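Visitor: Please show me the structure, so that we may go through some of its local features in turn.

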Amino acid sequence: MKKLCLLSIVAAASFLAACGGDSADNLGVVDNTPARGALIQNPPLRTAFFSAGDFAAKLNASASGRNLLAIAGTPKCGVDVQYIRYGTVGGANESTDASGALMTPSGGPGCTGSRPIVLYAHGTTTVKSYNLANLLDETSAAYSEAALVAAIYAAQGFIVVAPNYAGYDVSKLSYHPYLNADQQSKEMMDALSAARKALPGLLQPVQDNGKLFITGYSQGGHVAMATHKAMQAAGQTVTASAPMSGPYALAAYTDAIFYGNVPLGSTLFAPLLVNSYQKAYGTVYRNLTDVYEPSYASGIDTLLPTDTPLSTLIAPGGKLPQTALFSRTPPTAPTGSGLQPTLNAISPPAAPPELAPLFSLGFGTSNLITNQLRLDYLLDAFAQPDGAVPSLTTGAQAADPKHPVRIATMKNDLRNWTPMRPVLLCAGSGDPTVFYNINTQLMQGFWSSSSPAAPAAGLLTVLNVDSSPTSAADPYAAAKAGFAQAKASTASAAIAAGASDGGASAVVQAYHGGLVPPFCNAAARGFFQQVTATGL
């Protein structure tokens with residue numbers, strides 16, 4: 001096998017010498033004041049190169065890699081990884097920079113010449129140094145997602161552009177514009193522009209064939225849909241998109257959380273979201289204690305992202321509670337409102353009974369969000385209800401919310417457009433983090449054939465990987481069967497390790513971050529290939 005070449009980003013000279021590249025004195029053109037979409041260093045630094053055999057061998061060296069290979073298939077292409085840096089904007093439209101990975105295929109037929117691009121948006125992470133171009137370092141927080149993207153897409157002949165996002169890695173932005181649809185779609189387009197500038201100057205050049213596929217998981221699902229929407233509005237080419245497990249109906253999802261349907265991860269998502277919207281709109285709070293309990297308020301606006309380990313952040317006495325978003329003591333309703341029984345019943349909710357234990361974890365005595373904020377939010381939600389929460393009515397956004405958090409989430413809710421190119425929505429119906437019914441299923445209803453927002457017939461496909469095949473001809477039967485097997489294996493491993501709940505807790509913990517992503521990404525690749533084959 002060929003010797004693997006790798007790069008410590010801070011040791012470019014050593015890399016270039018080892019891999020036979022240019023000398024350290026010839027690192028290309030560097031733009032220190034980049035405009036949006038400008039490539040800061042051209043050509044970019046090459047961080048890794050694998051032949052197809054090298055990549056297969058690397059993945060085969062671990063159990064998780066072998067599992068990924070079984071889903072992704074044997075690599076047919078080598079994978080060449082470049083570290084790109086580009087100009088973009090922050091949440092308040094301020095100029096800044098960001099970085100990401102450009103993965104290109106190499107090798108035999110279907111790997112060279114003109115290739116399609118997959119623009120990939122990653123999921124939520126608290127890790128400041130997150131870098132998808134760091135494919136060789138298995139201790140890196142980004143390694144598993146980078147390996148998945150490389151195996152599913154680049155090793156099967158797609159060019160991959162995968163931003164790290166502003167506020168991460170070496171970006172100068174002091175915060176991350178989390179779930180800011182306007183900023184994140186702009187940044188995705190900026191990363192794409194920069195990557196296209198880089199392609200002609202690579203050591204092994206690959207051409208863009210004009211087909212663009214957009215996908216992303218979790219936070220990245222929201223980003224992917226927002227990017228498709230923005231590019232369509234700008235008249236730019238989108239061949240198809242496949243948002244996965246994203247909080248698309250963000251206003252409804254946030255309302256559900258305040259109603260007590262607290263998902264796993266909420267104490268991490270909340271500071272990222274509040275800080276993002278405060279930076280963008282300046283209206284979420286006047287003082288940090290308007291949102292957070294005093295024991296957590298100090299410094300929380302600069303806490304995330306961070307390279308402090310998650311275990312330290314949520315340890316007893318740490319910067320964040322592990323799961324308690326809200327107080328177990330219900331907010332006190334205004335006198336004469338008659339709302340106290342309602343507030344009592346959702347602090348935490350007891351229905352549906354199968355989810356009550358999950359929701360209960362979101363309440364405690366050392367909670368993050370103040371009862372006053374929750375009360376003010378809920379009073380607005382009672383007065384101006386979303387059409388999906390607390391129960392499905394119209395499915396539409398609230399008509400005229402007044403609370404600043406509800407106004408901000410509605411600005412970033414994606415129930416306001418109609419795709420003109422094929423879209424696959426993929427998720428699992430048992431997701432404890434991004435609820436299927438409030439996001440994927442709600443978007444499906446919003447785009448149903450009876451809706452004014454319905455896309456043209458045949459453009460929308462919805463895949464619940466946690467379901468049985470619909471027929472012998474179900475094109476996603478393999479993804480569904482594979483997911484069921486992975487879920488069963490996770491439960492079995494937990495039982496073998498002494499779990500007394502039949503492995504249910506282990507499945508819940510692994511569901512969103514571990515079980516669903518490989519199967520939805522494999523389905524997305526198949527969808528993109530089918531769109532290409534049919535010429536849609």
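Guide: Helices (H or I, at least four residues) and strands (E, at least two) are DSSP runs, numbered from the N terminus. Pro-43 accordingly falls in the loop between β3 (41-42) and β4 (45-50). The model discussed here is a predicted one.

Visitor: What is the omega of the peptide bond from Ala-351 to Pro-352?

Guide: Pro-352 is placed in the loop between α11 (340-345) and α12. The bond from Ala-351 to Pro-352 is cis, and its omega is near -5 degrees.

Visitor: Which residues are the closest to the centre of the second largest pocket?

Guide: The second largest pocket holds about 740 Å³ of space. Its lining comprises 32 residues, and the closest to the centre are Pro-352, Leu-355, Leu-358, Phe-359 and Phe-435.

Visitor: Which helix gives the most to the lining of the second largest pocket?

Guide: By class, this lining has 23 nonpolar, seven polar and two charged residues. At least two residues of the lining come from each of α12 (356-360) and α17 (504-534). With five residues, the helix that gives the most is α17.

Visitor: Why are the buried residues of α14 on the same side of the helix?

Guide: In α14 (residues 404-411), the buried residues are Val-405, Arg-406, Ala-408 and Thr-409. They lie on the same side of α14 because the arc that they cover around the axis is only 160 degrees.

Visitor: Which helices do the buried residues of α14 pack against?

Guide: Packing is judged here by contact, which means heavy atoms within 4.5 Å. By that criterion, the partners of the buried residues of α14 are α7 (250-258), α8 (266-281) and α13 (371-383).

Visitor: Is Asp-380 buried or exposed?

Guide: Asp-380 is a residue of helix α13. The cut-off for a buried residue is under 20% relative accessible area. The relative accessibility of Asp-380 is 9%, and therefore this residue counts as buried.

Visitor: Which backbone nitrogen does the side chain of Asp-380 reach?

Guide: Not counting residues up to four places away in sequence, Asp-380 touches Pro-401, Lys-402, His-403 and Arg-406. Arg-406 is also one of the buried residues of α14. At 3.0 Å, the side chain of Asp-380 reaches the backbone nitrogen of Lys-402.

Visitor: What is the phi of Tyr-165?

Guide: Tyr-165 belongs to the loop between β8 (159-163) and α5 (181-198). It is buried, with a relative accessible area of 1%. Most residues other than glycine have a negative phi. Tyr-165 is not a glycine, yet its phi is positive, at about 90 degrees.

Visitor: What is the phi of Ser-245?

Guide: The loop between β10 (240-244) and α7 contains Ser-245. This residue is buried, its relative accessible area being 2%. Although Ser-245 is not a glycine, its phi is positive, at about 50 degrees.

Visitor: How many Å apart in space are Leu-203 and Asn-437?

Guide: Leu-203 lies in the loop between α5 and β9 (207-217). With a relative accessible area of 52%, Leu-203 is exposed. Leu-203 and Asn-437 are 234 residues apart in sequence, and their C-alpha to C-alpha distance in space is 46 Å.

Technical notes: Residues are numbered from 1 along each chain as its sequence is written. This is a predicted model: local features need pLDDT of at least 70, side-chain atom pairs count only at pLDDT 80 or more; totals for chains, interfaces and linings use all residues. Side-chain values use heavy atoms; hydrogens and water are left out. Buried means under 20% relative accessible area, exposed over 50%, partly exposed in between (1.4 Å probe, protein chains only). The arc is that of the directions from the helix axis to the C-beta atoms. On a 1 Å grid over the protein atoms alone, a cavity is a set of points where a 1.4 Å probe fits but cannot get out, and a pocket is an open set with protein on both sides within 12 Å along at least five of seven lines; lining residues have an atom within 4 Å of a point. Grid points are joined across faces, edges and corners, and a volume is the space filled by probe spheres set on the points. Ala, Val, Leu, Ile, Met, Phe, Trp, Tyr, Cys and Pro count as nonpolar, Asp, Glu, Lys and Arg as charged, and the others, Gly among them, as polar. A polar contact is a pair of N or O atoms within 3.5 Å; within protein, one must be able to donate a hydrogen and the other to accept it, and residues adjacent in sequence count only if both atoms are side-chain atoms.
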